[in-house]
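Visitor: I have a structure open and would like to walk through it. Can we take it piece by piece?
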Amino acid sequence: MNKILRLSFIAVMALVCGTMSAQTELLENGGFETWEDGVATNWESSNSASSAKVSQSTDARTGEFAILVKSDAKYNKRLAYKELNLKAGTYKMSFYAKGGQVRPGYAISVNGTIDSNAGYKYDKYITLSATEWTLVEYEFTLEAPTTINLVVMNPKSNSKTKYTATDAIIDDFSLTTTNGGIDGTVAPPLDITNTPETAYTVAKAFELIEAGQGLKAKVYVKGKISAITEVETENFFNATYNISDNGTTEGQQLIVYHGKYIGGANFESDDQINIGDEVIVYGQLVNFKGKYEINSNNQIYSINGVTAGVQNITVEQNVNAPAFNLAGQRVNAAYKGIVVKNGKKFLNK
Ligand SMILES: [Ca+2]
């Protein structure tokens, strides 16, 4: 073998080895070259992940076409790839973009739906050039087999940062992995339903919200009332308060937002709940803009262990037996709220 041949051979071997060790591309039509009826093949979700108007662009980085992702001044809009069933592992998505700003991420699809808050995982906002292609990369790890949609958010206008919503052009999209891959089997939906007896602690509720899966289900959470924001007894008859595991305002505080009283009853009086009461609340866990909450449409299952009978409150007056509140403290006739007399519960209005 002469020197040139030998060098060529080494070069070819290097190329082969390089190709063999390269990560497998998991997307098809990441270059946006194939279109049908105005849709780039594979670039449409069957759930709510796809929300932006898109169109074919001839301003391509490679090949003939790229995709234009329309912006909207009032709403964040998303480009999404179709659902992918992925194995546990670390994934790297990358693409090139022009425009104003984009935010790479992915959406977790459970039973064909995405939780509007906890279901979306985003990286930071990336500022683009209007004329040059910017490489955007985002690496994420899935702890378990998960059905996801890759998404790119095209953000709305933001008066604080003086950002004006701008159309984005995207090309050469890629998803690779070294330890994961496409999973033929769909991940079973996570069922987090429980019973009053197995009510979650506030710490566990935080974990579940963090994990972001199965949050459509209503669950029981037990905690002590640590702060009361509002008991609204005029129009909506609900209350907003915090519960924590230790009953103090230190540490994790789960907000019980616009909740009803025991069994879904209205709140009629401020003193129906008190700081220190141990409550089991039934409702939906949610990450609302970074706040961990039990969503509205929740209700108290029990206060200090009291559940039954409170829904069937009798309105009765002029009974001279000693009266107690639900915490067992003696109260006088002027006391407003639920009182216990002769072992029966009444509502003093
Ligand atoms: Ca292309």
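Visitor: Which residue in β13 is the bridge partner of Arg-78?
Guide: Met-153 is the bridge partner of Arg-78. Bear in mind that this is a predicted model.

Visitor: How many bridges join β6 to β13, and do they run parallel or antiparallel?
Guide: Four bridges join β6 to β13, and the two strands run antiparallel. Strand β13 covers residues 146–154, while β6 covers residues 77–80.

Visitor: Which residues of β6 are buried on each side?
Guide: Lys-77 and Leu-79 are buried on one side, and Arg-78 and Ala-80 are buried on the other. Both faces of β6 are therefore covered. In a regular strand the side chains alternate between the two faces of the sheet.

Visitor: What does Val-151 touch, leaving out residues up to four places away in sequence?
Guide: Val-151 touches Arg-78, Leu-79 and Ala-80, along with Ala-49, Gly-105, Tyr-106 and Ala-107.

Visitor: Which residues have the most contacts inside the largest nonpolar core?
Guide: Those are Ile-67, Val-69, Leu-79, Ala-107, Val-151 and Ile-170, in a core of 39 residues. Strands that each supply at least two residues of this core include β5, β6, β8, β9, β12, β13 and β14. In soluble globular proteins, nonpolar side chains tend to be buried together.

Visitor: Which residues does the second, separate core include?
Guide: Among them are Ala-118, Leu-215, Leu-254 and Ile-300; that core has 33 residues.

Visitor: Zooming out, how many helices and strands does the chain have?
Guide: The protein chain has two helices and 24 strands. Of its 349 residues, 33% are buried. Among contacts with a separation of 6 or more, 69% are between residues 24 or more positions apart.

Visitor: Let's look at a helix. Which residues of α2 are buried?
Guide: Val-202, Ala-205, Leu-208 and Ile-209 are buried in α2, which spans residues 202–211. Seen down the helix axis, the buried residues of α2 fall within an arc of 115 degrees, so they line one face.

Visitor: And which residues are exposed on the other side of α2?
Guide: Glu-207 and Glu-210 are exposed there.

Visitor: What covers the buried residues of α2?
Guide: The cover includes strands β15, β16, β17, β18 and β19. Just after α2 comes Gly-212, with a positive phi of about 70 degrees.

Visitor: Glycine is one thing. Which strand holds His-258, and what is its phi?
Guide: His-258 is in strand β17, and its phi is positive, about 45 degrees, although it is not a glycine. His-258 has 18 other C-beta atoms within 10 Å, so it counts as partly exposed.

Visitor: Where does Asn-29 lie?
Guide: Asn-29 lies in the loop between β1 and β2. Asn-29 is a residue other than glycine with a positive phi, near 70 degrees. With 16 other C-beta atoms within 10 Å, Asn-29 is partly exposed.

Visitor: What does Phe-324 touch, not counting residues up to four places away in sequence?
Guide: Phe-324 touches Gln-329, Arg-330, Val-331, Val-339 and Val-340. Ile-338 is 14 residues from Phe-324 in sequence and 8.5 Å away in space, C-alpha to C-alpha.

Visitor: Last topic, confidence. What is the mean pLDDT of the chain?
Guide: The mean is 88, and 86% of the residues reach 70 or more. Where pLDDT is low, the predicted coordinates should not be read in detail.

Conventions:
Residues are numbered from 1 along each chain as its sequence is written. This is a predicted model: local features need pLDDT of at least 70, side-chain atom pairs count only at pLDDT 80 or more; totals for chains, interfaces and linings use all residues. A residue is buried if 20 or more other C-beta atoms lie within 10 Å of its own, exposed if 12 or fewer, and partly exposed in between; C-beta atoms are placed from the backbone. Two residues are in contact if their C-beta atoms, placed from the backbone, lie within 7 Å. pLDDT is the predictor's confidence in each residue, from 0 to 100. Two strands pair if DSSP finds at least two bridges between them. A nonpolar core is a set of buried Ala, Val, Leu, Ile, Met, Phe, Trp, Tyr and Cys residues joined through C-beta atoms within 7 Å. The arc is that of the directions from the helix axis to the C-beta atoms.
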